[in-house]
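This briefing is for a reader meeting the structure for the first time.

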Amino acid sequence: MPGGRLTQQDRQRIAAGLAGRLTYAEIARRLDRPTSTITREISRNGGPAGYQAQQAHQATIRRAQRGTPAPARGAVPQIAAAEAELLETAIRAGTPKMAARVHLDLMLAEDGRRTAAELADRLKVSPASVSGAVNYLVQLGFIRRERDPRRRRDVYVFDDDAWYHAIMTSERQTLEAARAAKAAAEARGLDSPVGQRLAKTAAYLERVSLDIMELAGRWRSLLA
């Protein structure tokens, strides 16, 4: 019933909603529950990437028997919910789930640094999963790779300039697309309908990218 305790079937529907990349609000509407209830349930039971219905149900029973709450990952509920929302937002925006988990873990590290082994241990995943995620993030400029000569291993770093570098990397890629569109327009002929369409696309992408890069440089001081 709405407003009552979540049942095992409710938790299965939550897990199905997360697998279908529904938002917390969408899942809440389908279960006729407050969004805060769904947020709290997910955040205290592994977050959107680690939520499992059966385990969540059993954990709730154990907590009820003990009579004590158990916030996720040792954090207070408000912090856990905020971190879960950050992760969900990144996944909704198109970031692969494992890359989003690695990115968030690095953002929340005190010094913004972790080795691949540390990431694998913290996220309870295989080294291969971490390798694919960090390669994706490095390529997009969200993190950088450093070599630790003492331990002879790579260290992955999220620093204050990470968002600036990510934006610049993205816009350089867009500029490449603009140049490709311009070349295609010239090949088709600038007096043809297709050539004109491609030329307009190239001009638009170029202008927007240059403006964004200028703004990113202008406000970079906010990251200092």
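**Briefing on the predicted model**

The side chain of Glu-88 comes to 3.1 Å from the backbone nitrogen of Tyr-24.

- Glu-88 lies in helix H6, which covers residues 77-92, and its relative accessible area is 5%, so that the residue counts as buried, the cut-off being under 20%.
- When residues up to four places away in sequence are left aside, Glu-88 touches Leu-22, Thr-23, Tyr-24 and Pro-48.

**Helices H1 and H3**

- Helix H1 (residues 8-19) packs with helix H3 (residues 35-43) at an angle of about 85 degrees, and their axes are 12 Å apart; H1 is therefore roughly perpendicular to H3.
- On the H1 side the meeting residues are Arg-11, Ile-14 and Leu-18, and on the H3 side they are Ile-38, Glu-41 and Ile-42.
- Of the residues in this contact of H1 with H3, four are nonpolar, two are charged and none is polar.

**Confidence**

- The chain has a mean pLDDT of 87, with 91% of its residues at 70 or more.
- Confidence is lowest in helix H5 (residues 53-66), where the mean is 77, and highest in helix H11 (residues 193-218), where it is 96.
- Residues 67-73 have a pLDDT below 50, and this stretch has 12 contacts in the model beyond near neighbours in sequence.
- Where pLDDT is low, the predicted coordinates should not be read in detail.

Key. Residues numbered from 1 in each chain as written. Predicted model: local features only at pLDDT ≥ 70, side-chain atom pairs only at ≥ 80, totals over all residues. Heavy atoms only, no water. Helix = DSSP H or I, 4+ residues; strand = E, 2+ residues; numbered from the N terminus. Buried < 20%, exposed > 50% of the residue type's maximum accessible area, 1.4 Å probe, protein only. Polar contact = N/O pair within 3.5 Å; in protein donor to acceptor, adjacent residues only side chain to side chain. Contact = heavy atoms within 4.5 Å. pLDDT = per-residue confidence, 0-100. Axes fitted to C-alpha atoms, helices over the stretch in contact; angles between N-to-C directions. Parallel < 35°, antiparallel > 145°, perpendicular 65-115°, else oblique. Nonpolar A, V, L, I, M, F, W, Y, C, P; charged D, E, K, R; others polar.
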